[in-house]
Amino acid sequence: MKTPASTYRLQIRPEFTLDDAAGLVPYLSSLGVDWLYLSPLLESVGSSEHGYDVSGPSRVDRERGGREGLAALAAAAHGAGMGVLVDIVPNHLGVAVPEENPWWWSLLREGRHSRYAEAFDVDWDAGDGKVLIPVLGSAEDVAQLRVEGTRLCYYENSYPLAAGSWRVGDTAQEVHDRQHYRLIPWRDADTRLNYRRFFAVNSLAGVRVEVPWVFAQSHAEVRRWVEEGLVDGLRIDHPDGLLDPAQYLERLRDLSGGAYTLVEKILEPGEALPEHFECEGTTGYDALALLDRVLVDPAGEEPLTALDTVVRGEPADYGAMVHETKRWMADGLLRAEILRLARLAAVRRGG
């Protein structure tokens, strides 16, 4: 296994492509950079600047340089004795623009009969057999829907029509009622959403990589990178969101042939990375927290605490603050997810 002594992160985006990065290799090599660490490269929604909203897992984003750009960068890096580590996103896909995501478009058009219905974590019963899409300004905004060809549109948003769901003379609302999805007010997302998302981001739909074919299809391009020697290591974005992170990492280890792997795992004080995780470690938030403490002057604690007390009107109880904040998250932003867990628990009990 190749192991980096250091990495240098490059944010690959339409304004700074893989070809641009290849041109910087001589300079970075002169600085002593050991490996290049690249942001997500797979096709993403629109002209995404960050790449974490992957819409098509089967190819490198063309606006970032495409496969040819990755090959050129890998050749330049390896020629300079540098390794290449790439960020990948297994937990979710970007669905902000449905037509740009073939898997999601198929799900919306065909519902439970879609080949990709199994790929997304949808609680169909909670939506009366439909996927709830939180996009309307209010419930009355269904009056703003319109049918254009084979699409149902709401302002700049468009969604597919199920086969045979539109007839001459139908209103847009009648057509909407026949779809495999239902558009709901965006404010209802935190209480009614019936598909798993990334934290509270409605436009990032969770993917069930625990299903073997979903894992294989969503990682086919990553496998190609490894097999062709384009990348030397992988950085995994938020594996905690997966049903079984340990199983995922085992499968990834087999796919990569044992390539160097890091996980974005945020460790609480005193928490250790599970020993059975097939990876070389975390991306370093825990180490960064220690470095932050070294760089912060402890003499500043007393005046800042005094200022906080003045602002609050009383000394802060940080334990209570943490607890209350977590309760606020569970009762508010993540209410839909808590309700989903309650439904699953009832099913397990046979209730």
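Strands β8 and β9 (residues 151–154) run antiparallel and are joined by three bridges, where strands are DSSP runs of E with at least two residues, helices are runs of H or I with at least four, both numbered from the N terminus, and two strands pair if DSSP finds at least two bridges between them. Within this pairing, Arg 146 has Cys 153 of β9 as its bridge partner. This is a predicted model, in which local features need pLDDT of at least 70 and side-chain atom pairs count only at pLDDT 80 or more, while totals for chains, interfaces and linings use all residues. Residues are numbered from 1 along each chain as its sequence is written, and side-chain values use heavy atoms, with hydrogens and water left out.

The two strands belong to an open, antiparallel sheet of three strands in the order β8-β9-β10. Because β8 (146–148) and β10 (157–160) stand at the edges with a single partner strand each, one side of each is left without a neighbour in the sheet. Helix α3 (residues 102–110) packs on the sheet and touches β9 and β10, contact meaning heavy atoms within 4.5 Å.

Elsewhere, the largest pocket has a volume of about 1300 Å³; a pocket is an open set of points on a 1 Å grid over the protein atoms alone, where a 1.4 Å probe fits, with protein on both sides within 12 Å along at least five of seven lines, and lining residues have an atom within 4 Å of a point. The volume is the space filled by probe spheres set on the points, which are joined across faces, edges and corners. Of its 38 lining residues, Arg 196, Arg 197, Gly 241, Glu 337 and Leu 341 are the closest to the centre, and α12 gives the most to the lining, with eight residues.

Terms used
Axes fitted to C-alpha atoms, helices over the stretch in contact; angles between N-to-C directions.
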